[in-house]
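Please read them with the structure open.

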Amino acid sequence: MTTPDPDRAAAAQTFYSRWAGVYDRLARRAPGIRRLRRAAVARLDLSPGDTVVDVGCGTGANLLLLRDRVGPEGTVVGVDFAPGAVRRARALVAREGWTNVAVCRGDATRLPLDGADAVLATFLVGMLPDPAATVDGWLDGLDPSRIALLDLARSHRLPGRPLNPLFGVVVATTAPPGTRDHHDDPPARVLDRRVAGAHRTLLERCPSTSHGTRMGGFAYLSAGGR
């Protein structure tokens, strides 16, 4: 896997910690976002007693949905690299009294997955330096494996395609440092490439897959199992 640039990683951690409150509100209240998260969790086909890892869990928007699927006998592990996001997610777990949910700080590109049944990553791969290699690593660490990816990128179909310029402006103005490493490419193009690479890796490596787009083609949801 590509080794993350320490300076860029530190800048991204600072960025997400500083804006954790804003991202928390967006992660829970943006139009249609909860429906997308439910769809991604459903694609994992979790069973009571399973162990699932929510990579890039942020402030914990997926934790309740995952816990409902695995039940009190299962385990949910949230992982994020931003200290501010981890603090908020841990506070949520403490408030709810979830004894089978843990949140830890970690690097998505170096993730031990021994004993995990499934991996979920929502709105994450566009921020990774080499998302295809990272997804490869997740699949190598899971046996048997179930994995679901949910991401936003530019739309390639109607009705979303005419809105791509606006989407590009939003990406450019909100992009964390980790997505600003290609000076010749606009951030939306970098995002497209990263999302496509991660989802393509999943679809190529898993014999049993599903893939589709939502929200006018801007939301990409892929899932697979081996």
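1. Start at leucine 163. Leucine 163 sits in the loop between strand S5 (146–152) and helix H7 (164–174). Helices (H or I, at least four residues) and strands (E, at least two) are DSSP runs, numbered from the N terminus. With 46% relative accessibility, leucine 163 is partly exposed. The cut-offs are under 20% relative accessible area for buried and over 50% for exposed, with partly exposed in between (1.4 Å probe, protein chains only). Leu163, Leu166, Val169 and Val170 make up a nonpolar surface patch, together about 360 Å² of accessible area. Patch members have over 30% relative accessible area and no salt bridge; like charges are joined within 9 Å, nonpolar side chains (Val, Leu, Ile, Met, Phe, Trp, Tyr) within 5 Å.

2. A word on the basis. This is a predicted model: local features need pLDDT of at least 70, side-chain atom pairs count only at pLDDT 80 or more, and totals for chains, interfaces and linings use all residues. Residues are numbered from 1 along each chain as its sequence is written, and side-chain values use heavy atoms, leaving out hydrogens and water.

3. The overall picture. The chain has eight helices and seven strands. Of its 226 residues, 48% are buried. Its accessible surface is about 10900 Å², with 54% belonging to carbon and sulfur atoms. These areas come from the Shrake-Rupley method with a 1.4 Å probe; for residues, only the protein chains shown count as cover.

4. Which residues touch the most other members of the largest nonpolar core? They are Trp138, Ile147 and Leu149, in a core of 29 residues. H8 (187–205) is among the elements giving two or more residues to this core. H8 gives the most, with five residues. A second, separate core has 27 residues, including Val41, Leu65, Leu66 and Val93. A nonpolar core is a set of buried Ala, Val, Leu, Ile, Met, Phe, Trp, Tyr and Cys residues joined through side-chain atoms within 4.5 Å.

5. Contact here means heavy atoms within 4.5 Å. Leucine 124 lies in the loop between S4 and H6. Leucine 124 is buried, at 9% relative accessible area. Its C-alpha is 8.4 Å from that of leucine 149, 25 residues away along the chain.

6. Is asparagine 62 buried or exposed? Asparagine 62 counts as buried because its relative accessibility is 1%. Its place is the loop between strand S1 (51–55) and helix H4 (63–70). Beyond four places in sequence, asparagine 62 touches Arg37, Asp54, Leu120 and Thr122.

7. Salt bridges. There are seven, taking a side-chain nitrogen of Lys or Arg within 4 Å of a carboxyl oxygen of Asp or Glu. Aspartate 140 pairs with arginine 205, with the closest N and O atoms 3.0 Å apart. Aspartate 140 is in helix H6 and arginine 205 in helix H8, so this pair ties together parts 65 residues apart in sequence. Asp136 joins Asp140 and Arg205 in a salt-bridge network.

8. One more pair to check. Arginine 154 and aspartate 192 meet at 2.4 Å, N to O. Arginine 154 lies in the loop between S5 and H7, and aspartate 192 in helix H8, so parts 38 residues apart in sequence are tied together. Arginine 154 is partly exposed at 25% relative accessibility, whereas aspartate 192 is buried at 14%.
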